Amino acid sequence: MSLWSEFVNNKQRTIHKWKHYFPVYEAHFSRFVNRPVIFLEIGCGRGGSAQMWKRYLGPHALIVGIDVNQECKTFEEDQIKIRIGSQSDTSFLESIIAEFGTPDVVLDDGSHRMSDVVETFRFLYPRTSPNGVYMVEDLHAAYWDEFGGGLKREGTFIEVCKGLIDELNAEWTRDALPATEFTHSTLSMHFYDSMAVFERGRRLPHSDVRISGRAAILKGLIR
Ligand SMILES: C[S@@+](CC[C@H](N)C(=O)[O-])C[C@H]1O[C@@H](n2cnc3c(N)ncnc32)[C@H](O)[C@@H]1O
């Protein structure tokens, strides 16, 4: 069943999602269906989203939800674990990884405060599976003052992402920008209405290939 069907046919706890997120979820999460995925959701709301991820991802998935609200602990069931703490508390996040292992997917649907989103990303992104996905939603908050946002305001997650685009391409900057762990561990960055997605993966050495007729000239560049 598609994720959208799981959502609209929900008969369990309440889920609160924007409709336009569903094609994005499917595009980036479908490869984890029926896999032994560790899915870390920041922000449990009323508990329905964790149940939706469980139904969608299948019997081998472990959904780990974190939230500041103690009541969320009651959302625990088979395949769903909830821990109480703040996304900006790095020792709490460390304990989550120590207990459940490296997350394959991180979905940040927590406070949406820019300082929290940025701190959480800085800490969790390098600790996400080398072939994993990191998704941040509700990034309209990056433009709203009450969340620490604002158009082109320094420190919002959108502004951080603009810098990360350069980091993704650091090896082409003729030493203007040193390559970082982010450069070497990130395959792609995707931007949608209110969402940012990072696909992790091992980057291959650059080589450009010129092919003419049956002869191929392989020219290694860089590294
Ligand atoms: C938008 S709701 C999550 C909705 C849910 N994921 C869904 O799709 O139905 C945001 C949640 O983030 C939690 N939250 C707020 N600040 C947080 C923080 N600093 N760390 C972790 N969770 C936080 C709130 O208690 C709330 O449950």
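These notebook entries record what I looked up in the predicted model.

**Conventions.** I number residues from 1 along each chain, as its sequence is written.

**Overall form.** I counted seven helices and nine strands in the chain; these are DSSP runs numbered from the N terminus, with helices being H or I of at least four residues and strands E of at least two. The radius of gyration is 19 Å, close to the 17 Å that the globule rule gives for 223 residues, so the chain is as compact as a globular protein of that length. The radius is taken over C-alpha atoms, and the rule is 2.2 Å times the number of residues to the power 0.38. Along the principal axes, the C-alpha atoms fill a box of roughly 60 × 40 × 35 Å.

**Burial.** I found that buried residues make up 34% of the 223 residues, where buried requires 20 or more other C-beta atoms, placed from the backbone, within 10 Å of the residue's own.

**Strand pairing.** I then turned to strand 7 (residues 195-200), which pairs with strand 5 (residues 133-136) in the antiparallel sense over four bridges; pairing requires at least two DSSP bridges between the strands. Y134 has F198 in strand 7 as its bridge partner. Strand 6 (residues 186-192) also runs antiparallel to strand 7, joined by six bridges, and S188 is bridged to E199 of strand 7.

**Turn.** Strands 6 and 7 form a hairpin with two residues between them. In that turn I noted S194, with a positive phi of about 70°.

Technical notes: Predicted model: local features only at pLDDT ≥ 70, side-chain atom pairs only at ≥ 80, totals over all residues. Buried ≥ 20, exposed ≤ 12 C-beta atoms within 10 Å, placed from the backbone.
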